[in-house]
Amino acid sequence: MTAERTRRGRLIARIGLWSAYPARTRPLGMLARWVPPLVALAVLLLVWWVVAQQVPANIVADPVRVAERLLRWTGTGVAWRYLVPTLGAALLGSAVAVLIALPLGYAVAHSRLLAAVAEPFIAFSQTVPLVAVAPLLVLWVGYGTFPIALLCAVIAFFPMVTTTVLGFRALDMRTIETAWLDGANGWQRLVHVEAPVAAPAVLAGVRGGVVLSMMGAIVGEFVMGGHGLGTLLTISREAADTTGVFAAVILISLAAAGLAALLPFAERTSARRLEGTTS
């Protein structure tokens, strides 16, 4: 590689367009982290507004009217009344998925026999459409928050269990053998060696599963009824309220984005505790 190509590559990496080292692509400063997405959002809103002026209002809602609707829903409590049931079902389903996926993933990573038996069924769990699972849950469990939470657990289960398996399988065997020779029992190896090393992969799967559970909650409310954001979206659609549909979709996206923004803090805190860097 010539000196000119090296300088050009460093310049491109410095301004953030492309880096040969993936670990260096994360923005470092607050300005570098927030300015590009805010500029992209402003451009997207401008394009949306321009398109809305050119097409009928029953096809694309005006973003100004959508913002007004969101503010009115927030001020009158409509947004919170529909948001709480959806978040409750999503978080409950995520908790169920965590309780099943993490122990199962740990066991699959340690047992070849269990891996041979379970992994095909784990993969198969993602091939069944959610809209096909929902009617079965209605027949088996009935209507209400719990079957919707079970649907959320189904969609959150796969990323959680797969990243758990990958995280524990990526452990350095020499580290495990060293702990074994030092006399650590199975529980001590899990708590002090395996869990801290596998934590980033496991917690990344939990984060993805929790965010995906929002989609499960919405689909569940479409099929099984309920009192959440999926119901609000259905009401707006049946009333041919395009502005309401757009506002409900944005509210759903904001709720999922809020979960995605909060979970990394919990992820870092849990990882630090597992690694023993906090009291």
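Two aromatic pairs are counted in this predicted model, where rings of Phe, Tyr and Trp (its six-membered ring) are taken to pair if their centres lie within 6.5 Å, with planes under 30 degrees apart classed as stacked, over 60 as edge-to-face and the rest as tilted. Trp48 and Phe246 form a stacked pair, with 5.7 Å centre to centre and 25° between the planes. Trp48 belongs to helix H2 (residues 30–54) and Phe246 to helix H11 (residues 242–275), so this pair ties together parts that are 198 residues apart in sequence. Trp48 is buried at a relative accessible area of 17%, whereas Phe246, at 25%, is partly exposed; buried means under 20% relative accessible area, exposed over 50%, and partly exposed in between (1.4 Å probe, protein chains only).

The pair formed by Tyr106 and Phe168 is edge-to-face, at 5.0 Å centre to centre and 75° between the planes. Since Tyr106 lies in helix H4 (residues 78–110) and Phe168 in helix H7 (residues 145–169), parts that are 62 residues apart in sequence are tied together by this pair. Tyr106 is partly exposed, with 24% relative accessibility, while Phe168 is buried, with a relative accessible area of 12%.

The protein chain contains eleven helices and zero strands, assigned as DSSP runs (helices H or I, at least four residues; strands E, at least two) and numbered from the N terminus. Of its 279 residues, 35% count as buried.

Residues are numbered from 1 along each chain as its sequence is written. Local features of the predicted model need pLDDT of at least 70 and side-chain atom pairs count only at pLDDT 80 or more, whereas totals for chains, interfaces and linings use all residues, and side-chain values use heavy atoms, with hydrogens and water left out.
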